[in-house]
There are 2 protein chains.
Amino acid sequence: MSSLTHPNQYHLTRADLLTAMPRLTQGDVESKRAEIKHYFNLTFSTYETLFETLRDDSVFYLRPCSLRHPLIFYFGHTATFFTNKLVLAKLLEARINPHIESMCAIGVDEMSWDDLNDAHYDWPSVEAVRTYRQQVRDAVNRLIDTLDFSLPIDWQSPMWPILMGIEHERIHLETSSVLIRQLPLDKVRSHPLFPVCPDHGDAPKNSLLPVSGGEIHINHQDPADTYGWDNEYGRHDAVVTDFKAAKFLVSNQEYLAFVEAGGYENADYWSEEGNRWRQFTPDKHPTFWVKKAGVKKTGDNNQADWWLRCMTEEIPMPWNWPVEVNFLEADAFCRWKSQQARLPIRLPSEDEYLRLREVSGAMLHPENANHNLQFYASSMPVDRFNHGGFYDVIGNVWQWTQTPIYPFEGFKVHPLYDDFTMPTFDNKHNIFKGGCWISTGNEINGHSRYAFRRHFFQHAGFRYIESAAAVQTEYPTFETDTTAAQHCEFHYGDSYFGVTNFPQAMMQSVVKQLQQDTDLKNRQDLKALEIGCLVGRGCFELAPHVAEVTGLDFSARFINVAEQLKQNGAIRYSIVQEGEIMDFKQRDLADRLKAHAHKCTFLQQDPANLKPIFSGYDLIVATHVMERLHDPKAFLAQLPQRLNAGGLLVIASTYDWQESATNKSRWLGGYKDEHTGENVTSLEGLTALLSAHFEPVGAPRDMPLVIRQSARDYSHQLSQITVWKKRR
Amino acid sequence: MSSLTHPNQYHLTRADLLTAMPRLTQGDVESKRAEIKHYFNLTFSTYETLFETLRDDSVFYLRPCSLRHPLIFYFGHTATFFTNKLVLAKLLEARINPHIESMCAIGVDEMSWDDLNDAHYDWPSVEAVRTYRQQVRDAVNRLIDTLDFSLPIDWQSPMWPILMGIEHERIHLETSSVLIRQLPLDKVRSHPLFPVCPDHGDAPKNSLLPVSGGEIHINHQDPADTYGWDNEYGRHDAVVTDFKAAKFLVSNQEYLAFVEAGGYENADYWSEEGNRWRQFTPDKHPTFWVKKAGVKKTGDNNQADWWLRCMTEEIPMPWNWPVEVNFLEADAFCRWKSQQARLPIRLPSEDEYLRLREVSGAMLHPENANHNLQFYASSMPVDRFNHGGFYDVIGNVWQWTQTPIYPFEGFKVHPLYDDFTMPTFDNKHNIFKGGCWISTGNEINGHSRYAFRRHFFQHAGFRYIESAAAVQTEYPTFETDTTAAQHCEFHYGDSYFGVTNFPQAMMQSVVKQLQQDTDLKNRQDLKALEIGCLVGRGCFELAPHVAEVTGLDFSARFINVAEQLKQNGAIRYSIVQEGEIMDFKQRDLADRLKAHAHKCTFLQQDPANLKPIFSGYDLIVATHVMERLHDPKAFLAQLPQRLNAGGLLVIASTYDWQESATNKSRWLGGYKDEHTGENVTSLEGLTALLSAHFEPVGAPRDMPLVIRQSARDYSHQLSQITVWKKRR
């Protein structure tokens, strides 16, 4: 094992490529330390070995894709990642090579043309990066040797950032193999550790086999048995209905029919996004397919025109290997196929894939799959790995799903890497599953969830299914509007300074009034209205106690959040921690509220100009709304006609009149009366205005509320709740 | 007593005029109820009787002074006051006559010309006001009969607003008598209940008699034995040095010398304000003096030119009566007299008056004074009422002091009348003492403190004293600047939500660090600097533990408050309760801090551009300052050169960087590093910047703070305190 501390090229054997993630909950500290050290060095060496496929050092400065950095960036990047995270975690005191680290930290994703202007970059020499990598390797080894840690290794463990660095490097092992695959062929060379599968021929005929439906129950919590990225954690429950799935991944041969049917030329088969991508892309075939004119071999059919670019070689098209495409191409194939077969053919959802994986038993025999570098540095025929009658349920190539990545219930970002998943919760990054030949470590762990932009190329293909069930392809995105997100936290987030949730506490007191009211108690048909519902918590709290509740707010943004909660039972939002550093939150509607959420209707509506339809209520709650209106007196004056006789009106207000919002002549109080010179409080003004139609119920009640503006800055208010009963 | 419930004119006897305020701490409820009812009706009737001095009802519509309402306003006003306060106190459910009440509520003080345009006023008939007064009288009597109250009667008692109305009416009894005195003579008539003193002649020669100095200790708290206005309550301690006081009030005769010496023409005798008033006023003599050309009586000396206007009569000048002047005239007389006598002649301060009153024993025999309407409806000779060798220490006419009214320690406004005194805390309203012939009730209670604008006329004169002691004539006014007042409350006010005083808690932790520091502990010569001291509490808290402390703030308004506290040990400020309704606060520096306040120096200074002189400190505290600067990095960079080796730097910050204040490139943290892409917290940025010169001391500590914006709106923040020791 110690030989790995300073490996030279070719010192790795094929056996060294075969790894397994350390188990974090089992074993003793010293053997775990040795295991992690071994895993780290294998990972670091394997990554370096991959770059031995470049023909010479000048290739490090080529950009495999016009929108990506040259490979030297990626060569330095995985080491820089270790340094950055270890400095952030205060495990390293100082940077190791600030110059290289400033060059190699940012830019993994596609960038705009501006960012890639080479004039901005003074790339370090390959030798300098090699030296740097060795320094980082030494530093990490020293750290692993000396770290004080205990089992289980959890998110807080000092070992976590080291595991994070390792798994991060294993991701780049794969993505760099894709970049190398995108280099000109004459810039790369074959490598004994990365052989191409020699086995190819005609593809088997695909068919659809039944998959019985069932329930999905995920509850993955820290500490877990193996390292995981933030998006894996949390709860997820779903029901999958029966469907049929293709026996094989779609092979190059099966896909050729789509190409030859003019699939790339027919807009009907493509989504709107797919058509945009299609028009931008010159190729009318999968990206790693190479059409060679004039090299047709005698005796071959016309398929012999096509070759396949592998990582370091071009080979005659292996028709029985899985086709490699992006999501948009896979999706287009399904539409075509659907039309051809007159069947609801489509890509599976993540849940459907998980169901297939479960019924296939694929995870029980990970040695029986083309992944973890255990066979070749390429795909293999689609009919080699039988998983319960299906093939390649895991391994060979990634399998696109229709599901954009979304957070599970209870999602939290890891503080050392808060932008690993967060930026991808945008309904534009689709999950693919199953892993490919070079997927290792966390990538082939059953919990992991990777997602890429839909036009991105990886070693990825697809398996289609037949199902008439709808697939969710739009998930609530993170509310980033500052005010809306603050209100999300206000209604559904943490409590601060020991102040209980305001809309919950307010509605509890409202419900108590309902239950004490001689006219309204025990009635099953109560209609309620909340004006100023913001992001809806008050309405959800009322719903269990009434027949229906309508929430109105001036802001469509807020109504949108409330509607998301009603539809999905969850919201995501980001709120300021400090400056531009955000806290990311996912909150779920409590089960006791979910059950009644269907009674809620949320509508955008100007409280100053309510439509006549909003009437006939037994309860109207006006929450912090009148103090924001130009004319609160007019607002109050039209409430009686909207409320049934004997109904209750509840007003919550902080009475913070601002001349900017409300002309002083319309303030309910907070001034000296121009005739008497006496102070008129808002409660007095309110009482006077309502007295014609209402009797006060009980005494006014002050209720605190806290709105977080940042982790160090809060608005702490005292709202006054008054209850009024409309005379019969 | 029941005859008073519906009195007709002349039903009062002179004996009925002689009243005493009900004692609020003694007796049983029913006899107290009867006593208050009697006192109320006597007051109400006496006030009505006063208006019987008007020749006919048309006179009610005359304005005795161009800047005042006609008398009908005042006739209705005292009844309206009852209604307003009783409605406010929720003791009356509805107004009694909204029209009259809206006319007669506001306008007691001088107003601008605009307000007095008669076209704006549709004054009610005298008969209507009489009817209204009877309705109010009935309502108040019913209330007194039925109110549920207990003894002692305190500020919260439902009986308090009734007593307030009574004493308010007694004030107007006096001020209306002045207005009547200002009417044309042919508009008034004499009245058997208000006879003029027939006794006059030459004045005795005045002289200065010694008054031994002594201490004043006032500690007047609610509940007290008798009704009092807000300004009487609280603590006041003072030391009065020996002085001499005039034996008599200044008589008309003594004042004549000043008039004849051209006193009204010589600017040298007048204060700046006095000169302004003098130029505005045509008269060159006291306002109630009447010069009658051609009515000189044979045998009289040239003094016979002068007559005196009394309330309903003009009489030949009673030279031995006290002269009646405003403060400005009294003050001018003293300057003239001082010059003549080559002695430090001046008006007394309130404290000097109180000392004179005490040593004279005047309060022991209230029957021996011309007040409480017990003799005449006019002044009497200045040598009738001997009070320990002095005369008229109380009674006859009010006696101006040099003291502008200011609040005692612990001053609070009564919620039912928050603008009784507050608007007069402006250094423009001077206290007069002692009462006059028509002063009754609270006016002649030893606790009361009345003040008028210095140019105002009442039945007021003066007694001069001889003293070289300085007199305080400028008191801190109420800080009304919104932000400054919020900071006053933040530093010296109430605690909210259980959060302890922030500057106190912060400096306690700083002092603890000083005491634990091996270099600094036990040193008696420590020099400290606070940057961002706001209104100074932090510096005052540091002072007991260091030799000197300098507080710097960008805002001169804040520094001014800190300086007031240093000088006077107290500040006053008003903060928003609701809308424009304010809470008025007086706060005192705790004795433990007062003793060291002299070590504090407060200076306005831009923290971004500190002068070089601010250096050589052993302790620098930067409180919430860097996050408000354009360049916090530059600010931090210059601190080491201002701090002695081994000295401590303390930084309190909420790290709430705003791009509006600080360009993001100068933020200490709260962003993703542009090279590493990692979150940089402000604490990390701060640590990096300070590491060249400082070692951190202890762990960062979060400390909450609450800034009140209104009674229902607060900014609740968490500040982070870090301590840094400069390397030796």
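**Note on aromatic pairs and the interface of chains A and B**

1. Over all chains, the count of aromatic pairs comes to 100. The model is a predicted one, and every value below is computed from it.

2. One of these pairs is formed by Y255(A) and F333(A), which are stacked, with 5.5 Å from centre to centre and 15° between the planes. Planes under 30 degrees apart count as stacked. Y255(A) belongs to helix α8 (residues 252-260) of chain A and F333(A) to helix α10 (residues 327-341) of chain A, so the pair ties together parts 78 residues apart in sequence. Both Y255(A) and F333(A) are buried.

3. In chain B, the ring centres of F51(B) and F60(B) lie 5.7 Å apart and the planes meet at 10°, so this pair is stacked. F51(B) has a relative accessibility of 4% and therefore counts as buried. F60(B) has a relative accessibility of 1%, so F60(B) counts as buried too.

4. Arginines also lie over aromatic rings. R133(A) is placed over the face of F44(A), 4.1 Å from the ring centre. In chain B, R133(B) lies over the face of F75(B), and here the distance from the ring centre is 5.3 Å. Turning to the interface, 50 residues of chain A are in contact with 50 residues of chain B. The two chains, A and B, bury about 4,000 Å² between them, and 48% of this area is on carbon and sulfur atoms.

5. Between chain A and chain B there are 12 salt bridges. One of them joins K90(B) to E684(A), with the closest N and O atoms 3.3 Å apart. Polar contacts across the interface of chain A and chain B number 21 residue pairs, both residues being at pLDDT 80 or more.

6. On the side of chain A that touches chain B, the elements that give two or more residues are α3 (71-88), α4 (98-103), β24 (671-672), β25 (679-680), α18 (682-690) and β27 (713-726) of chain A. Among these, β27(A) gives the most, with eight residues.

Note on methods
Residues numbered from 1 in each chain as written. Chains lettered and ligands numbered in written order. Predicted model: local features only at pLDDT ≥ 70, side-chain atom pairs only at ≥ 80, totals over all residues. Heavy atoms only, no water. Phe/Tyr/Trp six-rings, centres within 6.5 Å; stacked < 30°, edge-to-face > 60°. Helix = DSSP H or I, 4+ residues; strand = E, 2+ residues; numbered from the N terminus. Buried < 20%, exposed > 50% of the residue type's maximum accessible area, 1.4 Å probe, protein only. Lys NZ or Arg CZ within 6 Å of the ring centre and 35° of its normal. Contact = heavy atoms within 4.5 Å. Buried area = accessible area lost by both parts, 1.4 Å probe. Salt bridge = Lys/Arg side-chain N within 4 Å of Asp/Glu carboxyl O. Polar contact = N/O pair within 3.5 Å; in protein donor to acceptor, adjacent residues only side chain to side chain.
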